[in-house]
Amino acid sequence: MSDAMNPTETPEARAARLDTADELAKLRDRFTLDEVVYLDGNSLGALPAGVPARMADVIEREWGALRIRSWSESGWWTAPERIGDRIGALIGAAPGQVVAGDSTSVNVFKAVVGAVRIARQADPARDEVLVDATTFPTDGYIAESAARMTGCTIRAVDAADIAAAAGPRTAVALVNHVDYRTGRLHDLPGTTAAVHAAGALVVWDLCHTAGAVPVGLDEHGVDLAIGCTYKYLNGGPGAPAYLYVRRDLQPLFDSPLPGWNSHRDPFAMEAAYRPADGSVRGRVGTPEILSLLALDAALDVWDGVSLDAVRAKSLALTDFFLECVAAYVPDGLVRSVTPAAHAERGSQVALRCSDAGAVMRELIARGVVGDFREPDILRFGFTPLYTRFADAERAARVLAQVLEGTR
């Protein structure tokens, strides 16, 4: 998405021009929105307009009328794989490698322990788990627990240094594709290749990229990946997460949570566990049908959408927002900690400022919704499917008003 600069054009006029030219602008109608500037889709995506009617049908007809027949007649039993494949299409995974279900935390545990077990089948001496030092806390907690349970040590390393840190003792590296505080996009292809060269496996956390940045799991030979669906995928609060296991690793994947839903013959009710083939091996217990089907309906907004166009708009939006902040906000009141380089930026902008918590509360009171992370970070998430350039301009303008009012 190109934008010819005009030094005499106001930011507000430029926003209007960019919105008029935006090929994704019509997608905003697929969501339930108002005139609040909503820049928190990196925490909770907006409600897709088709979800309420779909859920009413699920509750009234599939559950209310068909009841238990819906496990077969409404496709409930195969929902985790079917919806997993829809997610897979958005993260560069061919069908049969993604299963939807459980929470992100549970899937991190399955992925890390499963990856350690695969690595140690090939080389029992591999007893180290590398973790992104600035990871989302839960990833770190679970990685540490997984390391203890598998007899490994854990070593925290800056995400940018994991490629160099992987060595002969490394079993697996757990890395966030985007830093949730700063919005920094890490090098998935390069890090994956370097970890593989060291003989180890890599697990990627895609929570802050799926639906905003093309990922290319198959293209780049990623081993395992996990992610949530309530951010840029708009699946709703607490929506099920997902687990990706590369096809050739699936026969080796030994889940630490073997449940009846991942059994080769679930209704045989055998005492001994026999794992199913394919992505089904990543399932555990009974699927979360209501939230899974809400997610399924939410994914309809992606029909006919180009991820390349989404990425182009994401970068254009974040560029424009930063330019508006520079134009409106007096020098010294905020500092961006999000990389300027497109190759290093996700779909959010993080600004450091004093008293950030109070500033965000006032922004929200004035109709600009972002969020705050300790100790001094304002986060603004840009969801290309529904965020307008006018939203970016207004957010920067109101931010300047709030900051000038606090001086």
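In the predicted model, I91 touches V98, L206, A210, V215, G216, L217 and Y242, with residues up to four places away in sequence left out of the count. I91 also belongs to the largest nonpolar core, which holds 46 residues. Within this core, I87, I91, L206, L217 and W302 touch the most other members. Helix α4, spanning residues 79–91, gives the most to the core, with 5 residues.

Over the whole protein chain, 12 helices and 15 strands are assigned. The radius of gyration is 22 Å, close to the 22 Å given by the globule rule for 407 residues, so the protein chain is as compact as a globular protein of that length. The C-alpha trace spans about 70 × 55 × 35 Å along its principal axes. Of the 407 residues, 55% are buried. The accessible surface of the protein chain amounts to about 16,300 Å², and carbon and sulfur atoms account for 56% of this area. Of the contacts between residues at least 6 apart in sequence, 71% join residues at least 24 apart.

An open sheet is formed by 4 strands in the order β11-β12-β15-β14, with antiparallel pairing. Its edge strands are β11 (335–336) and β14 (371–373), each of which pairs on one side only. Helix α10, residues 307–328, packs on the sheet and touches β11, β12 and β15 (377–381). The direction of α10 makes about 25 degrees with that of β12. Strands β11 and β12 (residues 348–352) run antiparallel and are joined by 2 bridges. In this pairing, R335 stands opposite R352 in β12.

C353 is located in the loop between β12 and α11 (356–365). The relative accessibility of C353 is 4%, under the 20% cut-off, and C353 therefore counts as buried. When neighbours within four places in sequence are set aside, C353 is in contact with L333, V334, V359, D376, L378 and L403. The C-alpha atoms of C353 and P375 are separated by 9.4 Å, the two residues being 22 residues apart along the chain.

Methods: Residues numbered from 1 in each chain as written. Predicted model: local features only at pLDDT ≥ 70, side-chain atom pairs only at ≥ 80, totals over all residues. Heavy atoms only, no water. Pairing = 2+ DSSP bridges. Contact = heavy atoms within 4.5 Å. Axes fitted to C-alpha atoms, helices over the stretch in contact; angles between N-to-C directions. Rg over C-alpha atoms; globule rule 2.2 N^0.38 Å. Buried < 20%, exposed > 50% of the residue type's maximum accessible area, 1.4 Å probe, protein only. Areas by Shrake-Rupley, 256 points an atom, 1.4 Å probe, with all protein chains shown as cover. Core = buried A, V, L, I, M, F, W, Y, C linked by side-chain atoms within 4.5 Å.
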